[in-house]
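These are my notes on how the two parts of this protein meet. I begin with the surface between them and then turn to the groups that line it.

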Amino acid sequence: MKATAKAHTNIALIKYWGKRNEPIILPTNNSLSLTLDGYFTTTSVEFDETLTKDQFILDEQVITGEQYERVASFLDIIRKLAGKQLYASITSKNEVPTAAGFASSASGFAALAAAGTKAIGLGLSNMELSRLTRQGSGSACRSIYGGFAEWQMGKKEDGSDSYAIPIAPAEHWDIRVAAVVLSSTKKKVSSRAGMKRTVETSPFFQGWLDSIPQDLTTIKEGIRHRDFQKVGEIAEANCLKMHATTLGANPPFTYWHDTTIAVMQKIQEMRTQNIPVYFTIDAGPNVKVLYLPEYEKIVEETLRSLSGVADIRLSKPGQGVTYL
Ligand code: 2P0
């Protein structure tokens, strides 16, 4: 009744930004991401007949409150699927530096879903595992796969057709991501609250949705042909459109800081000097820079020299969920 799994986080190139069903996490649009090797969560789940409630230990700390409730509710879904009323002891270790602006919820729920279902004796396919993982955290459903994965929003309201599918494995293309860590990174609006406010109030939201199908078609073509310019241009434009929706929300908000804008401008300036680099930004102020391996040195040096930048963390494409 015990299993251990490891899952990596991912960076969205076409963003998930909006839910059409909050309780079971159904998105308003398809999204597409690259799984990253540098950031992962390892989780062990052990079901135990003597326990009267779940126990959750993260990085050697006993977790209570909202974070505990989210994990226990997710295990309720696994218990229901398996038809077994057993509690578990969950032990997780995060190798996701929160300062780098990567959400540990993606690798966290992917590892929890994989270890939990294996420990309770459910033999799920990757499709079933991704569909289940989605209910813990939306972006986590893409972390079941390595390399490039697309979360298909699905049409059904029961969520049965909403899960990620693999687009290309990590070995297909060595595209790199530099996370630019800013000195000041206080985040005021969580991604969950931010996307909700945007869906409910932003007049730009429909424009965002209308633009997704073409972005997806073009970026998938670019990935297939390893066309870096095509992938970079679409990823950067898609990120800017997502962030534009927040400015139209009521009350309006932005995740950007002054250094966020300085890094974006530096990236665009590097392109005028024939250095092929593009950026993307999630629901926070840190910038993620896309580049090819031969430009690693110049990318790292240039970004490190900017004021307000605390650190640069480099990552390669990573693998999907594995069992240890
Ligand atoms: C993404 N983000 O596609 C987008 C881009 C942030 C910006 O997925 O409510 O933690 O758990 O489904 O997955 C962050 O939202 O939200 C996110 P929930 P999640 O990666």
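Predicted model: local features only at pLDDT ≥ 70, side-chain atom pairs only at ≥ 80, totals over all residues.

I then checked the bounds of the two parts. Domain 1 covers 2–172 and domain 2 covers 176–315. I recorded that domain 1 gives 33 residues to the contact, and domain 2 gives 41 residues. For the spacing, I found the C-alpha centres of domain 1 and domain 2 to lie 24 Å apart.

Next I searched for charged pairs. The rule finds three salt bridges across the interface of domain 1 and domain 2. I also looked up the side chains of Lys15 and Asp282, which meet in a salt bridge at 2.6 Å, N to O.

Ten residue pairs, with both residues at pLDDT 80 or more, are found in polar contact across the interface of domain 1 and domain 2.

I then asked which elements give two or more residues to the side of domain 1 that touches domain 2. They are β1 (2–14), β4 (31–48), β8 (148–152) and β9 (163–168). I noted that β4 provides the largest share of this side, with six residues.

Last, I sorted the residues on the side of domain 1 that touches domain 2 by class: 18 are nonpolar, nine are polar and six are charged.

Technical notes
Residues numbered from 1 in each chain as written. Heavy atoms only, no water. Domains from an automatic or database assignment. Contact = heavy atoms within 4.5 Å. Salt bridge = Lys/Arg side-chain N within 4 Å of Asp/Glu carboxyl O. Polar contact = N/O pair within 3.5 Å; in protein donor to acceptor, adjacent residues only side chain to side chain. Helix = DSSP H or I, 4+ residues; strand = E, 2+ residues; numbered from the N terminus. Nonpolar A, V, L, I, M, F, W, Y, C, P; charged D, E, K, R; others polar.
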